[in-house]
Amino acid sequence: MSPAAYRDGGHLNLVINYLSDKSTSGRDKMSLENVPYSIIATAKICHNDVDRRKRYTNYFSKKDSMDFKDGYVYKNNNSIIKKLLEVDFDAILTTNYTYEIENELCNNYSNKSIAEKRKCAFWHIRQDEKNKIHKFNRFLYNGEIEKNIWHIHGETRNVSTIVLTHDEYSRMINYMVSYFRDCANKYQRFGQCVKMKSWIDYFVTGDVYVLGFGFDFSEIDMWWLLNRRCREKAEIGNVYFFEQRENLSENKEYIMKRFGVVVDTLEDKLYNGDYISFYNDAIEKIKNIQKTNKNK
């Protein structure tokens, strides 16, 4: 199994600032500067689920904000996604709420009506509280290859699935704990024949290639899942984490290696903020790793 974990980072502060109460500005902004963004979101956005989701709906319904264009630059973003789609992944996991990947598979997908979206993609939806871990969007790539896109932190089509505040992250961990409890060691019992019912199955059992997702320490659900992966007794793949050397702290590198992650800085090459070149080089490295693994 070869899932890819992808995220277009850098826009969360814009989202949080837009969703925040107007009273949370100035001094609050300075005092919260070094606080994990999930805690900042919890402090600044409505604590009530209904009110918070109304804000989500209002924000994501705005055409300009759907692509997070408000002050955020997506230079050559579509070229990177196109290259990712060329790679042979069993699943694509993204923490983006919006549809940058889908837009490359179906022109202007973000702005289509629900009926039009359904013509482009098959939606796998489970109507219960665990919807967050069982839903994906399936597209045909080049008319024949299935591409399953899992929005692991929710998507704008259903704002109740969005994971942004610390409370929502905590609930996600609860879903994960319940899922593993229900699994009853299925990875050990079925091995390579295990049925993939959730993105969690792909993340735990396969070779995972993490690109564009910085594993911020706010992502407590993903750190929990890395730890759970370490405890798995079944035969599983590796997690490959790609990051520019200048953006990787010693603390994070140490902790990730303790969690069994293969940290790849592309031979410590300095990119000086040129993330387009870095992504291109990382994608080529992923292809080489896949080729090597297939020949074993």
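**Salt bridges in a predicted model**

Asp167 is partly exposed in this predicted model, its relative accessible area being 32%.

Me: What makes Asp167 partly exposed?
Reply: Partly exposed covers values between the buried limit of under 20% and the exposed limit of over 50%. Asp167 has a relative accessible area of 32%, so the term applies.

Me: Why is the contact of Arg171 with Asp167 called a salt bridge?
Reply: The term requires a side-chain nitrogen of Lys or Arg within 4 Å of a carboxyl oxygen of Asp or Glu. In this pair the closest N and O atoms are 2.7 Å apart, and therefore the contact qualifies.

Me: How are Arg171 and Asp167 placed in helix H10?
Reply: Helix H10 spans residues 166–183, and because the two residues are 4 residues apart in it, about one helical turn separates them. Arg171 is partly exposed, at 26%. Both residues also belong to a network of salt bridges, together with Asp49, Arg52 and Glu168.

Me: How do you know whether Glu155 is buried or exposed?
Reply: Buried means under 20% relative accessible area. Glu155 has 2%, so this residue counts as buried. The side chain of Glu155 meets that of Arg157 in a salt bridge, at 3.2 Å from N to O.

Key: Residues numbered from 1 in each chain as written. Predicted model: local features only at pLDDT ≥ 70, side-chain atom pairs only at ≥ 80, totals over all residues. Heavy atoms only, no water. Buried < 20%, exposed > 50% of the residue type's maximum accessible area, 1.4 Å probe, protein only.
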